[in-house]
Each structure stands twice: as structure tokens, then as C-alpha cells.
Amino acid sequence: MTAVDRSKPVGWLIPTLLILASSTSVMSTDLYAPTLPDLPGLLDTTPTMVKLTMSLNLAGFGLAQLIHGPLADRFGRRPVIIGGLGSFTLFSALCAMAGSIEMLIGARALQGMAACAQSVVVMVVIRDLWDDKGAVRMLAIYGMAISLTPALAPTVGGLIHVWIGWQANFWLLTIAAATVTALIIRFLPETGTPNPGALKPMTLLRTYGGLLGNVKFTAHTVIGGATLGGLFGFITSAPFVMVDIEGVPIAYYGFYQASSVLFYAVGNVFAAKRVDTVGAGGILKVGVAAQLLGGLMAVAMVYGEAHRPFAVVACMGTFVFGMAHVFTSNQVLALNLAPGGTGTAAALLGSIGMGGAALGGFFVAVTHDGSAWPLAWVLFLGGAISVAGYAIARSPAGSSPPEEASG
């Protein structure tokens with residue numbers, strides 16, 4: 001496969017392939033989420049053990065990015081995404097064959113390690129092909145398309161779980177991943193230039209050390225980690241709140257999650273329309289403020305004992321409206337701080353972000369008390385920490401580049 005010709009406009013093919021690859025990864029969580037309340041009985045285990053299938057999947061997703069990013073700099077974007085998707089297909093099949101909670105936890109962790117390859121490569125390919133404002137707009141379009149997966153997959157997953165069984169969701173994921181792998185092999189061109197020195201130990205140490213020592217870059221990683229911590233804490237705890245506390249049938253749970261996903265799509269539309277006037281910095285400001293508002297609404301909801309299904313959707317909807325703004329701007333601003341080794345920088349940004357996601361899932365697992373308080377606190381903490389990260393990133397010691405200083 002020849003490298004992409006950067007002298008020509010980017011057509012629809014590459015964005016479509018990126019969306020398909022990421023949607024497959026996202027499905028691994030959203031198809032599975034409605035099954036969580038039933039798994040303790042099906043596998044003779046506890047809710048805490050079941051929640052580990054989420055948090056350890058995220059931990060594997062976060063840590064393996066530190067490997068996939070440098071590999072994408074060394075060998076190019078295409079081989080890494082193909083290898084990741086192929087492995088993801090295999091581990092999805094292992095999840096389907098799991099006969100115990102221990103095997104499922106292990107297979108889910110491996111699945112997360114494979115899934116992160118497409119996460120790293122997608123962001124780097126977008127950065128390879130578009131400038132700042134173009135990348136924000138592309139990420140907004142990409143985000144709107146990706147939002148269809150969490151909107152539809154929980155409903156599909158819940159129905160499949162009820163009609164056929166929880167393993168069938170992982171077999172569906174296996175087939176989808178195999179199909180996308182074949183399409184990537186056939187149609188995705190190389191967008192990067194391999195760097196033979198990218199994997200040298202001293203090069204890696206200097207690159208990672210330099211990035212972690214950069215106050216601005218570190219602040220952006222904090223924003224990403226807090227945002228994903230709130231999101232995945234919600235994804236892990238919401239089925240228990242909605243099904244066990246509010247009495248929502250498993251088959252209908254996905255409709256409520258789909259409602260909150262609409263807020264994410266709307267947030268992407270707003271971000272795409274506003275980026276030309278306020279820049280990536282202004283988009284990020286709106287995002288972190290909305291996330292904090294969603295967290296405050298959640299705390300007020302539980303404190304006032306008003307946690308009805310639609311109230312939960314309203315809180316999470318406000319949070320994900322802000323999250324759409326964060327996702328379209330935060331990574332662009334962070335990667336501006338890494339002129340070389342873009343894959344390595346994206347890996348570190350994603351790894352710390354998914355570490356935050358794993359902490360969010362772990363937090364609601366260990367604080368599980370049968371109430372809605374863990375859900376409320378994880379959203380509030382995600383919003384508050386992201387605002388603190390923004391304040392550091394925009395301070396005089398950690399301000400963004402002049403052209404992105406608006407907002």
C-alpha cells in the first residue's frame with residue numbers, strides 16, 4: 001500500500017476507515033455494559049469482580065498505548081493498526097468462550113491492550129493530515145459518527161443478552177473486528193514516515209521525560225484522564241443504578257444511555273461551528289465548564305433524592321456535552337507541544353487518559369454501596385479535576401501557543 005498523497009484533499013475513505021476502527025473498539029464496552037448486573041449470578045461471582053472486567057480492560061488499554069505509540073513512530077501507522085485489530089479479534093473470541101469470571105477478566109484485559117492500537121493510530125493519522133482547526137473539525141465529525149456506537153450498542157447488547165445470551169455479544173464483536181481488519185488491510189494507506197530511531201531506549205526516555213516535564217502537556221493529560229474517569233465511572237456504575245435502583249429492565253437500559261449520547265453529538269456540532277471564532281482553547285474552556293456542571297447536578301440529584309432515570313440522563317448528558325468539546329480540542333492542543341514523535345506523545349496522552357478511566361471504574365467498584373452516590377461523585381470529581389487541569393494549562397506558566405490563546 002503506497003503512502004497517502006498529501007498534495008491532494010483528504011477524501012471520505014480514510015475518515016470512514018478510522019471511524020470503523022474506533023467504533024469496533026468502543027463496541028467492546030457498550031455491547032457488554034447491559035450484561036453487567038446479570039453477570040454475578042451467571043458466573044457465580046460478586047458485583048465488584050464483575051466491575052473489574054471493565055476497570056482492568058481500561059488499564060490494559062491505557063498501559064499498552066505506551067508500546068503502540070512508539071511502534072507507530074518506528075514502523076508507521078498502518079502496521080500497528082492492523083496488528084492491533086487482528087489481536088482484538090482474537091481476544092474478543094476468548095471473551096466469548098470465557099467460562100469463569102477469572103477467564104473473562106483476563107480476556108478483557110488483553111482485549112483492552114489490543115484495542116488501544118486503533119485509538120493511538122486514529123489520533124496520529126488525523127494529526128498527520130490536518131492542521132489545528134481542520135483537526136478539531138475532523139474530530140468533531142469523527143466524534144458525531146462514533147457517538148452512534150454508544151447510542152445503539154447498549155440497546156443491541158441488552159436485547160442480544162436477553163434473547164441469546166451474553167456470549168453472543170462477544171461473538172458479534174469478533175465478526176465485526178475481523179471485517180474491519182480486512183477493510184483496513186485493503187484500503188488504509190500509510191500516512192506517516194517511519195523513524196528508525198524511535199524505539200531506541202534513550203530516545204524513548206528523552207521523549208517521555210521531556211513530555212512529562214512539560215507543565216502544559218501534563219495539564220492536558222490531567223484533563224483527558226479526569227474526563228475519561230468520569231465517563232467510564234458512569235458507564236460502570238450506571239447499569240447498577242438504573243437497573244437495580246430505578247428498576248429499568250435490562251432490555252431497555254440502552255435507550256437511556258442512547259439519550260445521553262445525543263448530548264455528545266450536539267456537543268460535537270457546537271464545537272465544529274465555534275472553532276473558527278474561539279479556537280481550540282475556547283472550545284476546551286466550554287468543555288471543562290460543562291463537565292463540572294454535570295458533576296454538580298449529579299451531586300445535587302442524589303443529595304435531593306431525585307435520582308430518577310431521566311435525571312441521571314440529564315446529568316450525564318451535560319457532562320458528555322462538555323466531553324465532546326474536550327475531545328475535539330484537548331488532544332490537538334497537547335500534540336502541538338510534541339513536534340517530534342507524535343505517536344509517542346499520543347500514546348502518553350492516551351495512556352494517562354485511560355489510566356484515569358481505569359481509576360474511575362475502580363473508584364465506583366470499591367465504593368459500591370447499593371446507592372447512586374458513587375456515580376454522582378465520579379462525575380463531580382471528573383468535572384472538578386478537568387477544570388483544575390484547564391486552569392494550569394491556561395496559566396502564564398502553562399499557556400497554550402499564542403494562536404490558540406482565545407477563550
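1. Start with K273. This residue is exposed, at 65% relative accessible area. The cut-off for that label is over 50%. K273 sits in helix α11, which covers residues 250–303. Take I185 as a reference point: K273 and I185 are 88 residues apart in sequence. Their C-alpha atoms are 34 Å apart in space. Note that the model is predicted.

2. V286 belongs to helix α11 too. Is V286 buried or partly exposed? V286 is partly exposed, with a relative accessible area of 40%. A324 is 38 residues away from V286 along the chain. The C-alpha atoms of V286 and A324 are separated by 9.9 Å.

3. Now the overall fold. The chain holds 14 helices and zero strands. The C-alpha trace spans about 55 × 45 × 40 Å along its principal axes.

4. Burial and contacts for the whole chain come next. Of the 407 residues, 59% count as buried. For contacts, consider pairs of residues at least 6 apart in sequence. Of these contacts, 85% join residues at least 24 apart.

5. Surface and charge. The chain exposes about 15,400 Å². Carbon and sulfur atoms supply 71% of that area. There are 19 positive and 17 negative side chains. The centres of the two sets lie 12 Å apart.

6. Helix α1 has 18 residues. From its first C-alpha to its last, α1 reaches 25 Å. The expected value is 26 Å, at 1.5 Å a residue, and the span is close to that. Of the 18 residues of α1, 14 are buried, so this helix is largely enclosed by the rest of the structure.

7. L18 lies in α1, which runs over residues 13–30. L18 is buried, with a relative accessible area of 1%. Which residues does L18 touch, leaving aside those up to four places away in sequence? They are V122, V125, I126 and Y142. S119 is 101 residues from L18 in sequence. In space, the C-alpha atoms of L18 and S119 are 9.2 Å apart.

8. D30 also lies in α1. D30 is an acidic residue to check, since Asp counts as negative in the charge tally. Its relative accessible area is 3%, and D30 is buried.

9. T45 is in a loop. The loop joins α2 (39–42) and α3 (47–75). T45 counts as buried, because its relative accessibility is 18% and the label needs a value under 20%. Not counting residues up to four places away in sequence, T45 touches L39, P40, V50 and I101. Of these partners, L39 and P40 fall within the numbers given for α2, and V50 within those given for α3.

10. Last, helix α13. This helix covers residues 342–366 and has 25 residues. Its span from first C-alpha to last is 36 Å, close to the 36 Å expected at 1.5 Å a residue. α13 is mostly covered, with 19 of its 25 residues buried.

Terms used
Residues are numbered from 1 along each chain as its sequence is written. This is a predicted model: local features need pLDDT of at least 70, side-chain atom pairs count only at pLDDT 80 or more; totals for chains, interfaces and linings use all residues. Side-chain values use heavy atoms; hydrogens and water are left out. Helices (H or I, at least four residues) and strands (E, at least two) are DSSP runs, numbered from the N terminus. Buried means under 20% relative accessible area, exposed over 50%, partly exposed in between (1.4 Å probe, protein chains only). Contact means heavy atoms within 4.5 Å. The expected span of a helix is 1.5 Å times one less than its number of residues. Accessible areas come from the Shrake-Rupley method with a 1.4 Å probe; for residues, only the protein chains shown count as cover. The place of a charge is taken as NZ of Lys, CZ of Arg, CG of Asp or CD of Glu.
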